[in-house]
Amino acid sequence: RDDYMTSTYFDEIYLARTAYEHLKRIKPYEWTHPPFGKILISIGIALFGMNTFGWRIVGTLTGAVMIPLMYLFGKKLFQKSFYGFCAAFLMMFDLMHFAQTRIATIDSYTTLFVILMYYYMADYYLQKSYNKGFYRSLKPLLLSGIFFGLGAATKWSAIYGAPGLALIFFMAKYNEYKDYREAKEQYTGKNSGEMPEWVDKYIPVYFWKTILYCVLFFIVIPGTIYILSYIPYLMVPGMKFADIFKYQKSMYHYHSTLEATHSFQSAWWTWPLIIRPIWYYQGKDLPAGMASTIASFGNPAVWWAGVLAFFAALKAAWKKNKAMILVVVAVISLYLPWIIISRAAFIYHFFPMVPFMILSVVYVIKKQ
């Protein structure tokens with residue numbers, strides 16, 4: 001087993017080992033994060049063996065998937081393929097995207113699921129549910145909830161995006177409610193016979209019934225996904241269902257009381273400014289004249305531009321630009337909790353916010 005764990009970088013030494021243990025029904029060594037990210041790592045190990053390629057391939061494919069997804073997100077928000085290309089291009093050349101998706105840590109999966117849960121919420125927010133029809137309008141909410149559940153089952157930091165999702169949803173319903181009120185006023189009295197069919201259905205169906213479905217989509221289904229992610233634990237001899245809840249207490253205690261420090265930890269406000277990158281590997285004992293290093297930090301051309309563009313996005317959101325409202329809400333929802341978290345944190349915790357900073361840059365490009 002020790003031979004298998006050579007050439008690991010940073011948290012790979014814990015996560016790749018635990019992914020292997022899940023396959024072998026061994027009590028997991030790393031339990032401080034939910035299991036789904038390690039389950040994804042284990043797929044590569046099952047297919048290609050307990051080696052560097054095996055434990056990294058799924059993360060690398062995840063990084064590749066982010067590129068076309070950013071294209072779709074940019075196209076959805078800005079309504080032209082060119083702006084989708086801009087979003088994909090900027091993500092493709094971001095240095096943290098390159099570094100994080102090529103080592104076996106779980107932040108790549110978290111970021112993918114965060115993009116997806118907001119992508120489908122954007123699909124709901126940017127359209128009118130009463131134009132799509134009730135059950136068709138529920139599809140993006142269901143998908144958003146599923147990816148929210150997968151994100152939560154990968155890393156708790158994905159849950160930070162939940163208030164943002166809720167806010168965007170209720171803003172969508174508020175905008176529709178204004179349409180409903182205007183329609184009611186327009187067709188009151190002699191024009192009542194011409195009232196659109198959806199108006200009578202809006203409150204009982206498009207509002208209250210949708211909210212009831214959201215309880216299923218964003219609480220019941222994600223909770224079920226989260227519990228199911230612990231199946232590898234339950235397959236360990238002697239492990240019981242009640243142990244899942246004990247692990248939740250242990251995780252919370254670990255993260256809320258952790259006082260350990262690290263030479264590359266950094267404060268939340270330094271992340272978008274790239275003040276302190278994280279250094280994963282410095283080559284040692286290499287032949288003369290050779291050097292090797294792995295570091296994770298943002299591309300200054302993307303991140304620093306993103307900081308400035310975010311202020312433009314804030315201004316646009318204040319003026320009720322719907323695309324930028326979604327972007328700003330996503331960044332604030334994902335970023336704000338890190339302000340009050342006291343445990344050691346690292347620049348890679350900013351990774352889930354990077355796609356939305358990129359979309360801010362694309363907005364500025366569009367305005368030029």
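Predicted model: local features only at pLDDT ≥ 70, side-chain atom pairs only at ≥ 80, totals over all residues.

Reader: What is the radius of gyration of the protein chain, and what would a compact globule have?

Author: The protein chain has 23 Å, while a compact globule with 368 residues would have a value near 21 Å, so the two agree. The C-alpha trace spans about 85 × 55 × 35 Å along its principal axes.

Reader: What percentage of the residues is buried?

Author: Buried residues make up 53% of the 368 residues. Among contacts with a separation of 6 or more, 72% are accounted for by residues 24 or more positions apart.

Reader: And the surface: what share of it belongs to carbon and sulfur atoms?

Author: Carbon and sulfur atoms hold 64% of an accessible surface of about 18000 Å².

Reader: How many positive and negative side chains are there?

Author: There are 35 positive and 19 negative side chains, and the centres of these two sets lie 4 Å apart.

Reader: Let us move to single residues. Where is phenylalanine 73, and is it buried or exposed?

Author: Phenylalanine 73 is found in helix H3, residues 52-78. Its relative accessible area is 0%, and the cut-off for buried is under 20%, so phenylalanine 73 counts as buried.

Reader: What does phenylalanine 73 touch?

Author: Leaving out residues up to four places away in sequence, phenylalanine 73 touches Ile115, Tyr118, Tyr119, Ala122, Leu326, Phe356 and Leu359.

Reader: Now serine 229. Which loop holds it?

Author: Serine 229 is in the loop between helix H10 (197-228) and helix H11 (231-234). Serine 229 counts as buried because its relative accessibility is 3%.

Reader: Which backbone atom lies 2.5 Å from its side chain?

Author: The backbone oxygen of tyrosine 226 lies at that distance from a polar atom of the serine 229 side chain. Setting aside residues up to four places away in sequence, serine 229 also touches Pro35, Phe36, Ile39 and Ala153.

Reader: There is another serine I marked, serine 266. Where is it, and is it buried or exposed?

Author: Serine 266 is in the loop between helix H12 (241-257) and strand S1 (278-282). At 11% relative accessibility, serine 266 is buried.

Reader: What does the side chain of serine 266 reach?

Author: The side chain reaches the backbone nitrogen of isoleucine 347 at 3.4 Å. Apart from residues up to four places away in sequence, serine 266 touches Trp271, Arg276, Ala345, Phe346 and Ile347.

Reader: I would also like to discuss tyrosine 135. Which helix holds it, and is it buried or exposed?

Author: Tyrosine 135 is found in helix H8, residues 134-152. Tyrosine 135 counts as exposed because its relative accessibility is 55%, and the cut-off for exposed is over 50%.

Reader: With which residues is tyrosine 135 in contact?

Author: Beyond its neighbours within four places in sequence, tyrosine 135 is in contact with Lys209 and Tyr213. The side chains of tyrosine 135 and lysine 209 are joined by a polar contact of 3.4 Å. Threonine 210 is 75 residues from tyrosine 135 in sequence, and 9.3 Å from it in space, C-alpha to C-alpha.

Reader: And tyrosine 252?

Author: Tyrosine 252 lies in helix H12 and is exposed at 57% relative accessibility. Tyrosine 252 and lysine 155 are 97 residues apart in sequence, with their C-alpha atoms 12 Å apart.

Reader: One last topic, the backbone. What is phi of arginine 25?

Author: Phi of arginine 25 is near 55 degrees, a positive value in a residue other than glycine. Most residues other than glycine have a negative phi. Arginine 25 sits in the loop between helix H1 (12-23) and helix H2 (36-48), and is partly exposed at 48% relative accessibility.

Reader: Where is lysine 320, and what is its phi?

Author: Lysine 320 is in the loop between helix H13 (300-318) and helix H14 (322-335), with phi near 70 degrees. Lysine 320 is exposed, at a relative accessible area of 67%.

Technical notes
Residues numbered from 1 in each chain as written. Heavy atoms only, no water. Helix = DSSP H or I, 4+ residues; strand = E, 2+ residues; numbered from the N terminus. Buried < 20%, exposed > 50% of the residue type's maximum accessible area, 1.4 Å probe, protein only. Polar contact = N/O pair within 3.5 Å; in protein donor to acceptor, adjacent residues only side chain to side chain. Contact = heavy atoms within 4.5 Å. Rg over C-alpha atoms; globule rule 2.2 N^0.38 Å. Areas by Shrake-Rupley, 256 points an atom, 1.4 Å probe, with all protein chains shown as cover. Lys, Arg positive; Asp, Glu negative; His and termini not counted. Charge placed at Lys NZ, Arg CZ, Asp CG, Glu CD.
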